[in-house]
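Welcome to this short tour. Open your viewer, get ready to select residues, and follow along stop by stop.

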Amino acid sequence: MKAIGMLSLFCGLLLVGFASPVRAQDGPETDGHEIEFWTTGGHGTNGSTQHTSVWTAGFRYGWIITAPRGPGLLRGRFEYAVDAVPVFVVFQPPNTAYGAAINPFALIWNFDAHGRVVPYIDLGGGVLFTNTQVPPGTSRINFTTSGAVGLHFLARKVTWTADVRFMHISNANLVKPNPGINTVELRLGLGWFTHPHH
């Protein structure tokens, strides 16, 4: 229900952002940057950790590296980004774990759409530090990997972003056992693309 409420709020904000007839912000451009503040919420999907939920909030800084490449519908620009995640909360049955993460790589393909909606795919990973073991009985240091499909909505002055992502949390066998946590999450973001001065 929380995810539905967040999605409804996000859609309402999108309508407000698109209400203006003024030209939308430009999307990703070669040698430009992406700046975004985002939050995610999701739920565990597997075995003993299926009753685990995750909420995070963070900041992304990205570099648009290439000019448009590729054939037809696959044509797009490659972006490399870094995510700082100062808020990483894991709600697990015996307790709640509080932590922070750094994702030193996110590999993003921004499809070369013409219009106010830019689809993208995103693969990334990083390291997570928490005040208690995640899952319980394992480790306070874990690694995260994720994949997402999403959309950038180009409004007048900002870019709204929404994606659905799969995230895996694991201690990479630093300790045993290592059951891991798989989550499906909704990520919502607010940011903008900067453009090079020509």
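In which loop is Asp31 found? Select it: Asp31 sits in the loop between α1 (2–18) and β1 (33–44); helices (H or I, at least four residues) and strands (E, at least two) are DSSP runs, numbered from the N terminus.

Before moving on, know that this is a predicted model, where local features need pLDDT of at least 70, side-chain atom pairs count only at pLDDT 80 or more, and totals for chains, interfaces and linings use all residues. Residues are numbered from 1 along each chain as its sequence is written, and side-chain values use heavy atoms, leaving out hydrogens and water.

Back at Asp31, phi is near 70°, a positive value in a residue other than glycine. Asp31 is exposed, with a relative accessible area of 52% (buried means under 20%, exposed over 50%, partly exposed in between, with a 1.4 Å probe and protein chains only).

Next, select Ala172, in the loop between β7 and β8. Ala172 also has a positive phi, about 55°, and is partly exposed at 48%.

Now go to Pro135, in the loop between β5 (117–130) and β6 (141–154). The peptide bond from Val134 to Pro135 is cis too, with omega near -15°.

Finally, select Ile181. Its contacts (heavy atoms within 4.5 Å), not counting residues up to four places away in sequence, include Val134, Pro135 and Met167.
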